[in-house]
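Me: Hi! I'm new to this one, could you walk me through it?
Reply: Happy to, let's have a look together.

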Amino acid sequence: MPPSGDVVLSAEGLTKSFGGLKAVDDVSFQVAAGEIVGLVGPNGAGKTTIISMILGVLKPTAGRVLVGGIDIATRRSQALERTNFAAVYTPLPGNLTVEQNLRIFGLIYGVKDLAARIEQMLRDFDLVRHRKAKTGVLSSGEQTRAELAKAMLNRPKLLLLDEPTASIDPSTARDIRARIADFAAAEQAGVLWTSHNMYEVAEVCDRVLFLSRGRILLAGAPDTLIREHGAPNLEELFVEVAHEQLRPAEEAS
Amino acid sequence: MRASRVAAVALRYFYLVRGSPVRLLPMIAWVAIDIVLWGFITRYLDRLTRFDFVSTLLGAVLLWDFLGRVMQGITTAFFEDVWSRNFLNIFATPLTIADYLAGLVITGIVTSLLGLAAMILLATGVFGLSFFAYGLALAPFVFVLFVTGISLGIVGTSIVMRFGPASEWLIWPIPSLLSPFVGVFYPLATLPGWMQAISRVLAPSYVFEGMRSIVGGRGVPWNQLAFGSGLAVLYLVGACLVFTGVYRYALRTGLIARYSAETAS
């Protein structure tokens, strides 16, 4: 089902080939303002490739990405001013303090009234006492909070989160999920969220896109997908879909 | 290009130095050691002969080190992003290539000026080097070496971006590889023909030939210096084109997105 509100992200026919391998194959979807969309799928399904193309660090072989109607291929800076991201594999520079990291990225994103915004982010993410600490010495949960503070610093209209709660404890993960959901609602930001934690996806996401071998296999609200496919929960549905997709490949080999 | 973005790239390096002052060491200590070593050598040679070795050799060492520091300032600032795996954070932002390169160049200018100040202090204060000996020609000397250093720094960052962090060891020796061809310590006429042919397309050659011409009382070879300056500007344009090409290659192949492991091949 397409989103009903203002579209903040439009991926149209995204395709990425590496040599003979199609990592992403003609993927189209949209994310609306205030909507949280889960992008899930087995390892190697193409999730991170899609995120990289949306972030403009990987050029699609075909298709295009529009952020708030702005084509990232032609107006990269303007599109990325409205975007931000946090990814488990991209920590903030550990040799800078939390406050220094926020100031540098605030300058890069052109954040207005930066000092006040940094104070707000430090408060919102419970980082005030860590402001002078080098980011690399913080715990996993604290580092994740610092990355999310950076990701929300410029009040992005599109927030990309690649496994934001990986390797953190359930309590911190719950807290972080709540903050992201609050941010999306308050700022009317669209969120594209990849995760392997189906409980998390079912709890937070308004819509889910099941990806396998570079293609979207299923799309819909978590409850609707579970009901339509007669699965006990999203995790079972995920396993079922992933196995269905793997079987032909295994048989062929 | 936006000033706040350029400032962010330069500010990051300032924060790093402030947080770890030991980073100042390579900016100042090694050049100071070079000046002390060559200072005593030239003082000794001055006593043996009547030739002005201080202006010729010590001045040459100082200016050649300056070029190396400019290059190193740029590449080191770039390496901070490599070492902290900050590539995706940096390039998935509104930062443009021009913003990023300008930030690196400003960082290179500031760090190399620190080194230059230390060198001048030692060379003039302790060993009696006088830049007045070069007169107005000092301006094109510094310009050529400075622009060449920036170009080498940008080419160095392009090599590392293209071939991965392990290729860092390919770029540090670049100034040493060039030094025999540019005649830092001897006239180009000393070189065999094929080396002289290479020297003619290397901008710093004209600086060191010019220095020797001035100290030898043959005047300033302005035409040669103008040609060297033109070459240096061409290098800069070429270096920016190389970086842009490598960056586009990185976008096409996913190099930036995957840039974290040792990928030199």
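Reply: First, a term we'll need: two residues are in contact if their C-beta atoms, placed from the backbone, lie within 7 Å. Also keep in mind that this is a predicted model.

Me: Switching topic: what order do the strands of the open sheet in chain A have?
Reply: The four strands run β2-β1-β4-β5, with antiparallel pairing. β2 (21–32) and β5 (70–71) of chain A are at the edges with a single partner strand each, so one side of each has no neighbour in the sheet.

Me: And what packs on the sheet?
Reply: Helix α1 (residues 47–54) of chain A does, touching β1, β2 and β4 (62–67) of chain A. The direction of α1 makes about 120° with that of β1(A).

Me: Now chain B: at what angle do α5 and α6 cross?
Reply: The axes of α5 (residues 97–125) and α6 (residues 138–163) of chain B cross at roughly 125° and come within 11 Å. That angle makes α5(B) oblique to α6(B).

Me: Is that crossing left-handed or right-handed?
Reply: The crossing of α5(B) and α6(B) is right-handed. Among the residues making the contact are L101(B) of α5(B) and I150(B) of α6(B).

Notes: Residues numbered from 1 in each chain as written. Chains lettered and ligands numbered in written order. Predicted model: local features only at pLDDT ≥ 70, side-chain atom pairs only at ≥ 80, totals over all residues. Axes fitted to C-alpha atoms, helices over the stretch in contact; angles between N-to-C directions. Helix = DSSP H or I, 4+ residues; strand = E, 2+ residues; numbered from the N terminus. Parallel < 35°, antiparallel > 145°, perpendicular 65-115°, else oblique. Left-handed = near helix turned anticlockwise from the far one by under 90°. Pairing = 2+ DSSP bridges.
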